[in-house]
Amino acid sequence: MKTCDTPLQLGGAVPGQIWPGSENLTPIAGQLLSNAYSRNEEYDADAHGVEILKRSGYNGKALMADTLSWIAQTESSEGGGGFFSTHPAKGDRIQTVQRMP
């Protein structure tokens, strides 16, 4: 369990006392926050990968974008990016990498 989930799970009991049934929304809210956290981690990992490739003498942005494009083509679907997804869509990741300085 990630630490960001715990306050939401603990806080679910209080609204449930005021608005019966609202405690059922707490796990959903926690999952949405966790998913956003995971998506941000993917973008951070991509940026870190670009930096490592640059330090190694490669064109980090181009190599990372090409790699993400290859992954997107070899997967059965776009993968990621949906509202409940834990990972951003490959197309979004590629665009983010290409916008890096």
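The structure is a predicted model. A search of the whole structure finds three salt bridges. Average pLDDT for the protein is 74.

- E42 and R93 form a salt bridge in which the closest N and O atoms are 3.2 Å apart.
- This pair links distant parts of the chain, since E42 belongs to helix 3 (residues 26-55) and R93 to helix 5 (residues 90-98), 51 residues apart.
- R93 also forms a salt bridge with D46, and here the closest N and O atoms are 2.6 Å apart.
- D46 lies in helix 3 and R93 in helix 5, so this pair ties together parts that are 47 residues apart in sequence.
- R93 has a relative accessible area of 8%, so it falls under the 20% cut-off and is buried.
- D46 is buried as well, with a relative accessible area of 4%.

**The pair within helix 3**

- R55 forms a salt bridge with E51, the closest N and O atoms lying 3.4 Å apart.
- Both residues are in helix 3, and because they are four residues apart, about one helical turn separates them.
- R55 counts as exposed, at 65% relative accessibility.
- E51 is partly exposed, its relative accessible area being 33%.
- Side chains of opposite charge can pair when their charged atoms come close.

**The buried side of helix 5**

- The buried residues K90, R93, I94 and V97 are in helix 5.
- These residues cover an arc of only 100° around the axis, which means that they sit on the same side of helix 5.
- R93 therefore belongs to this buried set and, at 8% relative accessible area, also takes part in the salt bridges with E42 and D46.

**Confidence**

- Of the residues, 52% score a pLDDT of at least 70.
- Confidence is highest in helix 5, at a mean of 92.
- Confidence is lowest in helix 1 (residues 5-11), where the mean is 49.
- Where pLDDT is low, the predicted coordinates should not be read in detail.

Terms used:
Residues numbered from 1 in each chain as written. Predicted model: local features only at pLDDT ≥ 70, side-chain atom pairs only at ≥ 80, totals over all residues. Heavy atoms only, no water. Salt bridge = Lys/Arg side-chain N within 4 Å of Asp/Glu carboxyl O. Helix = DSSP H or I, 4+ residues; strand = E, 2+ residues; numbered from the N terminus. Buried < 20%, exposed > 50% of the residue type's maximum accessible area, 1.4 Å probe, protein only. Arc of directions from axis to C-beta. pLDDT = per-residue confidence, 0-100.
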